[in-house]
Amino acid sequence: MKEKFLNNKNVDFLYDAILSLENKEECSAFFEDLCTVQELQTLSQRIAVAKMLSEKRVYTDIVNETGASTATISRVNRSLQYGSDGYDIIFDRIQKDSDEQL
């Protein structure tokens with residue numbers, strides 16, 4: 001695992017807080033309290049863009065479906081290509097959970 005670029009007690013506390021959540025309802029309540037509507041929309045847009053990029057979707061489809069700018073799509077694509085593999089971890093786990101429910 002790559003070294004964390006944000007390594008301080010406040011970021012660690014945030015990670016611990018997120019890890020303590022037990023279900024989607026708790027996540028929803030926490031993020032509604034933590035984030036503005038715009039921040040939550042931005043975060044959810046980025047993960048949607050990352051998912052579509054991981055599915056090899058083209059930029060024009062991603063722009064049309066998410067409303068993300070090409071700059072945002074490029075930034076997310078760089079994270080997918082050169083980042084810490086965080087998106088891949090999440091997508092793999094979601095797929096595994098989906099497969100297990102079938």
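Guide: Phe91 is buried, with a relative accessible area of 10%, where buried means under 20%, exposed over 50% and partly exposed in between (1.4 Å probe, protein chains only). The model is predicted: local features need pLDDT of at least 70, side-chain atom pairs count only at pLDDT 80 or more, and totals for chains, interfaces and linings use all residues. Residues are numbered from 1 along each chain as its sequence is written, and side-chain values use heavy atoms, with hydrogens and water left out.

Phe91 forms a stacked aromatic pair with Tyr87, at 6.0 Å centre to centre and 15 degrees between the planes; rings of Phe, Tyr and Trp (its six-membered ring) pair if their centres lie within 6.5 Å, and planes under 30 degrees apart count as stacked, over 60 as edge-to-face and the rest as tilted. Tyr87, at 22% relative accessibility, counts as partly exposed. Both residues belong to helix H6 (residues 86-101), four residues apart, about one turn of the helix; helices (H or I, at least four residues) and strands (E, at least two) are DSSP runs, numbered from the N terminus.

The charged end of Lys51 sits over the ring of Phe91, 5.3 Å from its centre; this term requires NZ of Lys or CZ of Arg within 6 Å of the ring centre and within 35 degrees of the ring normal. Lys51 is among the H3 residues, with Arg46, Ile47, Ala50 and Ser54, that meet Tyr87, Ile90 and Phe91 in H6, contact meaning heavy atoms within 4.5 Å.
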